Amino acid sequence: MKDAQKKYFLEILEKYRKKKANSKEIKFLETYYDMFEENEDLINEENEGNYLHLKENIKTAIDKKISSPDNNGKEIKMLWFKYAAVAAALLMVLFASLHFFNTNKGNNLTAMDHHINPGGNNATLILSGGEKIVLNGASQGEIARQSGISITKTADGQIVYTITSKTTDKPLKNTIITPKGGQYKVILPDGTNVALNAASTLTYPTSFQGGERRVELKGEAYFEVTKNAAMPFKVQSTGQTVEVLGTHFNINAYDDESVIRTTLLEGSVKITSAIASSIISPGQQALISKTGKGTILTREVNPEKEIAWKDGMFSFENDDIKSVMRSISRWYNVNVSYKGNLPDIDFTGEIFRTAKLSEVFKILELNGIQFEVEGKNIIVSYNQEAVKTINPKKP
């Protein structure tokens, strides 16, 4: 275990002992429960006295969650539990090459002759006149000027709009597009921060004038909106408009998802569909089905799970395999298809978005999910016998 990772783990462990760990840190400890067994160097004279007590407390919390009636009879497969060596490997990126069993061909299929790497800062800025600027190839500093606006690229890879002079000219419209395998951050002319996830598009004016600040979104983005009571901020996406004065929220409006999800972290937002409107509070999520007429449903969620992507994590919570694979497809820029019947299994856990795709597959394979890889094409299937081989006690 690398020193930095060991230090981080022990810091959280100590906070847990003192009952000062927050919910995200507690979840981390529960996720890496088996690392107590697999990494003896985590235990030292300072924490040895608390080791058994801490281990039992964490185990009890895990058992309680697994047996919770909220599971509705579905079998929940923890991506990490009982496979600590693999969990640690994802942290430390230890795997070099992996082979997966192909049940149809009866031999081993090389899943990755070369690893498919994760996505990164990659986007294209399209100016109002049609000029395209590939941002990952652009130099640091000013990359364009438009009607009283300077557009710069910062050292940490984000685009910043700065007002250089007042103008009465009609605002121009720019668009930033992230491909599959890309993400990017932009600071709009009013100071609003936007983080775009993979395969997303944001269209916005070069300056906000009139009685509102309106942008258009396809895909997923996290917004930290600068407060301006006189000029509400509105995000238009297919099937809904989100209106705020100043707040933090996330919108997931991908074309391949069956619902539009708007999650609030701070402040309040108003969601309007074709037939209804609803105001949600922090920790709530509004859902609009794309096959419905515009009915808005509201539920309590873990907002940190919804925005984990912007902090470099995949976070799954009772997600089925197709939902998991949609996220993987966008980030690793691969095409996914399915073969045979897939089980009704939910996945819960976190994976670093910096992990290579082969390492992510290794975790899913432990739950019987199998992969055939042909270039950028992934065929997903399920093999119950593989689960029994890995875990003979499983019925």
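Modeller: Let's begin with aromatic pairs: two rings of Phe, Tyr or Trp (for Trp, its six-membered ring) form a pair if their centres lie within 6.5 Å. Planes under 30 degrees apart are called stacked, those over 60 edge-to-face, and the rest tilted. By this rule, the count here is 7 aromatic pairs.

Colleague: Before we look at one, what kind of model is this, and how are residues numbered?

Modeller: This is a predicted model, in which local features need pLDDT of at least 70 and side-chain atom pairs count only at pLDDT 80 or more, while totals for chains, interfaces and linings use all residues. Residues are numbered from 1 along each chain as its sequence is written, and side-chain values use heavy atoms, with hydrogens and water left out.

Colleague: Thanks! How many aromatic pairs did you say there are, by the rule?

Modeller: There are 7 aromatic pairs. Take Tyr-161 and Tyr-204: their ring centres are 5.3 Å apart and their planes stand at 90°, so this pair is edge-to-face. Helices and strands are DSSP runs numbered from the N terminus (helices: H or I, at least four residues; strands: E, at least two). Tyr-161 is in strand β9 (residues 158–163) and Tyr-204 in strand β13 (residues 200–205), so to speak distant parts of the chain, 43 residues apart, that the pair links.

Colleague: Are Tyr-161 and Tyr-204 buried or exposed?

Modeller: A residue is buried under 20% relative accessible area, exposed over 50%, and partly exposed in between, using a 1.4 Å probe and protein chains only. Both Tyr-161 and Tyr-204 are buried.

Colleague: What kind of pair do Phe-314 and Tyr-332 make?

Modeller: Their ring centres are 6.2 Å apart and their planes are at 25°, so that pair is stacked. Phe-314 belongs to strand β23 (residues 313–319) and Tyr-332 to helix α7, so the pair ties together parts 18 residues apart in sequence. Phe-314 and Tyr-332 are buried. Elsewhere, Phe-208, Phe-223, Phe-233 and Phe-249 form one aromatic cluster.

Colleague: Which ring does the charged end of Lys-310 sit over?

Modeller: A charge sits over a ring if NZ of Lys or CZ of Arg is within 6 Å of the ring centre and within 35 degrees of the ring normal. The charged end of Lys-310 sits over the ring of Tyr-222, 4.7 Å from its centre. Likewise, Lys-322 lies over the face of Tyr-338, 5.0 Å from the ring centre.

Colleague: How can I check the length of helix α7?

Modeller: The expected span of a helix is 1.5 Å times one less than its number of residues. For the 12 residues of α7 (residues 321–332), that gives 16 Å, and the end C-alpha atoms are 16 Å apart, which agrees. The helix is mostly covered, with 9 of its 12 residues buried, including Ile-321, Met-325 and Trp-331.

Colleague: And how do I read two helices packed together?

Modeller: Two packed helices are described by the angle between their axes and the distance between the axes. Axes are lines fitted to C-alpha atoms, for helices over the stretch in contact, and angles between N-to-C directions run from 0 to 180 degrees. For α7 and helix α8 (residues 357–365), the angle is about 170° and the axes are 12 Å apart. Angles under 35 degrees count as roughly parallel, over 145 as roughly antiparallel, 65 to 115 as roughly perpendicular and the rest as oblique. α7 and α8 are therefore roughly antiparallel.

Colleague: Which residues of α7 and α8 meet?

Modeller: Contact means heavy atoms within 4.5 Å. Ile-321, Val-324, Met-325, Ile-328 and Tyr-332 in α7 meet Leu-357, Val-360, Phe-361 and Leu-364 in α8. Helix α8 is mostly covered too, with 8 of its 9 residues buried.
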